[in-house]
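Take a walk through this model, one element at a time.

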Amino acid sequence: MRMYDVIDKKRNCGELTQEELAGFVKGYTAGEIPDYQASALLMAICINGMTDRETTWLTLEMAHSGKMVDLSSISGKKVDKHSTGGVGDKTTLICAPIAAACGVKVAKMSGRGLGHTGGTVDKLESIPGYCTAIGEEEFFRLVEKNGLALVGQSGDLAPADKKLYALRDVTATVKSIPLIASSIMSKKLAAGSDKILLDVKTGTGAFLERQEDAEALARLMCAIGEGAGRETVALLTSMNAPLGRTVGNSLEVMEAVEILQGKGPEDLRQISLELAANMICLAEKGTLVQCRRLALEALDTGAAFQKFVELVEGQGGCTEAVRRPEMLPQGQCTMDWTAPCNGWLAYLHTDQIGEASRLLGAGRQTKEDILDYGAGIRLLAASREMIKKGQPVARL
């Protein structure tokens with residue numbers, strides 16, 4: 001197989017065979033196919049799309065490009081949760097502890113930031129000492145003991161996706177339904193959980209702005225999951241405004257802690273509770289209505305916050321920084337953007353807010369960039385809010 005021929009075929013809208021996709025995945029993972037040829041194929045896919053059959057083949061090849069994790073030694077139902085990416089989306093830091101407090105086993109491997117959206121691993125690593133790279137034995141032990149562990153994708157778990165994920169981030173090939181589906185589901189299948197909950201974002205801050213595209217992605221991922229024997233549920237949630245009031249790694253950790261302590265913005269609280277309730281329901285703890293009550297109780301009693309503290313402590317993080325968020329990394333300088341006139345804040349350019357946060361240092365421009373964990377944006381006004389001339393609207 002010549003990579004040139006594969007690129008040419010997809011450029012001309014041809015359907016790639018399972019053998020061609022397998023050759024690409026194996027060759028790129030092994031370093032035999034250079035970035036420039038992989039980038040060309042990704043761009044051809046981004047422009048011309050893939051059939052469902054191609055996407056399924058690509059997903060399975062990526063999932064089997066490394067180790068397939070076996071979680072059967074951990075008792076109970078293991079439920080994974082994944083978001084397709086949003087601005088200010090720190091829900092995993094909230095819904096995972098809520099679910100764990102309700103007896104769900106959450107063995108979650110998360111990703112880093114992609115494009116204008118943040119990554120759970122980057123947020124967790126803003127907590128001093130928190131280690132997202134732990135051995136499999138310790139990972140299993142923490143899930144069994146605390147019901148929860150959140151780590152980064154290991155080098156031997158879907159390594160093809162890890163390389164392609166970083167390449168897509170810097171080659172403008174993020175917004176592609178088949179590439180998003182294969183990336184997410186290859187990791188989910190390789191990670192080994194029994195059940196999978198997908199939070200599919202749609203709106204101006206999502207990779208897929210149109211609801212019909214988000215629905216197509218949700219159906220495709222559910223079909224891939226069910227075809228692989230994993231019960232998979234998808235929720236469509238709005239990303240027409242940043243979730244909560246913060247965008248940026250340590251800022252989002254602070255806000256997640258606020259929610260877990262019974263404070264924080266209502267939009268973030270409500271979506272986190274709904275995601276947690278669905279995770280609890282997938283773990284067969286009751287009907288969805290009963291699971292919503294369980295999730296609310298775990299949040300209101302402080303049990304979910306205690307699970308978050310256990311999570312941080314178990315993975316070497318500074319629990320004092322969780323209890324006193326002012327100890328987390330802070331921006332070295334700040335600037336307020338103020339309203340130029342009186343009026344109503346009609347809407348927020350969510351994707352531009354995410355991009356601005358990335359430019360401040362909260363995200364990457366290249367694969368090698370080092371993050372500034374204290375960088376980001378704090379929104380001081382919300383959509384549909386009346387504002388006055390000179391009033392601070394956002395703090396950079």
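Two elements are in contact when heavy atoms of each come within 4.5 Å. The angles below run from 0 to 180 degrees between N-to-C directions. The model is a predicted one.

Begin with the sheet. Strands of a sheet pair through backbone hydrogen bonds, either parallel or antiparallel. Here 3 strands form an open sheet, in the order β1-β4-β5, and the pairing is parallel. β1 (79-83) and β5 (231-238) stand at the edges. Each has a single partner strand, so one side of each is left without a neighbour in the sheet. From one strand to the next, the twist averages 20°.

Now take the two pairings. β1 and β4 run parallel and are joined by 5 bridges. In this pair, Lys81 stands opposite Leu197 in β4. Lys195 stands opposite Glu231 in β5.

How many of the residues of β1 are buried? The count is 5 of the 5, so β1 is largely enclosed by the rest of the structure. In a regular strand the side chains alternate between the two faces of the sheet. Both faces of β1 are covered. Val79, Lys81 and Ser83 are buried on one side. Asp80 and His82 are buried on the other.

Helix α12 (residues 266-282) lies across β1, β4 and β5. This helix runs at about 155° to β4. Helix α10 (residues 211-227) lies across β4 and β5, and its angle to β5 is about 165°.

Turn to a helix pair. Two packed helices are described by the angle between their axes and the distance between the axes. For helix α8 (residues 159-169) and helix α9 (residues 177-191), the angle is about 145° and the axes are 10 Å apart. The crossing of α8 past α9 is left-handed. α8 brings Asp161, Tyr165 and Arg168 to the contact. These meet Leu179, Ile180, Ser183, Ser186 and Lys187 in α9. The contact residues comprise 3 nonpolar, 2 polar and 3 charged.

Finish in a loop. Arg364 lies between α16 (350-362) and β9 (377-379). Is Arg364 buried or exposed? Its relative accessible area is 15%. Buried means under 20%, so Arg364 counts as buried. The side chain of Arg364 is joined to that of Asp122 by a polar contact of 3.1 Å.

Methods. Residues numbered from 1 in each chain as written. Predicted model: local features only at pLDDT ≥ 70, side-chain atom pairs only at ≥ 80, totals over all residues. Heavy atoms only, no water. Helix = DSSP H or I, 4+ residues; strand = E, 2+ residues; numbered from the N terminus. Left-handed = near helix turned anticlockwise from the far one by under 90°. Nonpolar A, V, L, I, M, F, W, Y, C, P; charged D, E, K, R; others polar. Buried < 20%, exposed > 50% of the residue type's maximum accessible area, 1.4 Å probe, protein only. Polar contact = N/O pair within 3.5 Å; in protein donor to acceptor, adjacent residues only side chain to side chain. Pairing = 2+ DSSP bridges.
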